[in-house]
Amino acid sequence: MCVTLIFVKMKKRNDTFPSVFSDQVRSVNGKNVLKCVLFDWDGTLLDSFEADAQAYIHMFAALGMKWSIAELKRHYSPNWHHVYRAARLPRAKWEDADRLWMKFYRTHQPELQPGARRVLSALERRFILALVSSGSRARVRRQLREHEVAAMFRTKVCSEDAPRRKPHPAPLRLALDRLRLSPEVCVYIGDAPEDIQMAHRAGMRAVGVLGGSPVPERLRAASPDATIETIRELPVLLRNF
């Protein structure tokens, strides 16, 4: 095996995370060594589509609109404003829709995807972990605490934190700025085509998780660098990624 080491000027010793952020870029056989795994939350680590869908159905009903699971899957996006537009919900009702969605969502308590906690525990021994979610900060951070995984993520980016939403790369770029890492040493894990598009636009590799995705065909069509059926397959995939 040929290992190439490229050295550039080292950072000062008082950097926040000197062992992680030394400017020593390593490559093996021309590939950058993976340092950081960034995750989507809903659908990827959290088994949340049923809760999401039921909240949408009840929200639309409360607004006097009929909306089916099939229609939701056809128009599903991590950016719920796309769903509102697809349903032709008047812009003046979006604030009410947000409030109603949260009201109905709170009646559900989605669990982590099977094996997700074990996967995170295994990966945090090898990589920096981070979270980049389209979900609201209050909800996502509450769920992270409830499932006792908040401390595993070095940084967390939610919908209010970045100026643009998926598939725009702004959320991932914010996470990279906070971590002081380049996209070449990171991979993003998600269950929606917007996740893959966001990662590629940020210059990052992406893995699609098919099993929890409401739109697996669209996810494949977004051309992820790899796909897995469940999150439990991720540690094995990343050994030689």
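Let's start at one side of the sheet, where valine 209 stands opposite isoleucine 228 in S9. Strands S8 and S9 run parallel and are joined by three bridges; two strands count as paired if DSSP finds at least two bridges between them. Strands (E, at least two residues) and helices (H or I, at least four) are DSSP runs, numbered from the N terminus.

Before we go on, note that this is a predicted model, in which local features need pLDDT of at least 70 and side-chain atom pairs count only at pLDDT 80 or more, while totals for chains, interfaces and linings use all residues. Residues are numbered from 1 along each chain as its sequence is written, and side-chain values use heavy atoms, with hydrogens and water left out.

Now step back to the whole sheet. It is open and has six strands in the order S6-S5-S4-S7-S8-S9, with parallel pairing. At the edges are S6 (155-157) and S9 (226-228), each pairing on one side only.

Moving inward, S7 (residues 186-190) has five of its five residues buried, so it is largely enclosed by the rest of the structure; buried means under 20% relative accessible area (1.4 Å probe, protein chains only). Cys186, Tyr188 and Gly190 lie on one side of S7, and Val187 and Ile189 on the other.

S7 pairs with S4 (residues 36-39) in the parallel sense over four bridges, and leucine 38 stands opposite tyrosine 188. Four bridges also join S7 to S8 (residues 205-209), again parallel, with isoleucine 189 opposite valine 207. Between S7 and S8 the chain crosses through helix H9 (residues 193-201), a right-handed β-α-β crossover: with the strands pointing away from the viewer, the path from the first strand over the helix to the second runs clockwise.

Key. Buried means under 20% relative accessible area, exposed over 50%, partly exposed in between (1.4 Å probe, protein chains only).
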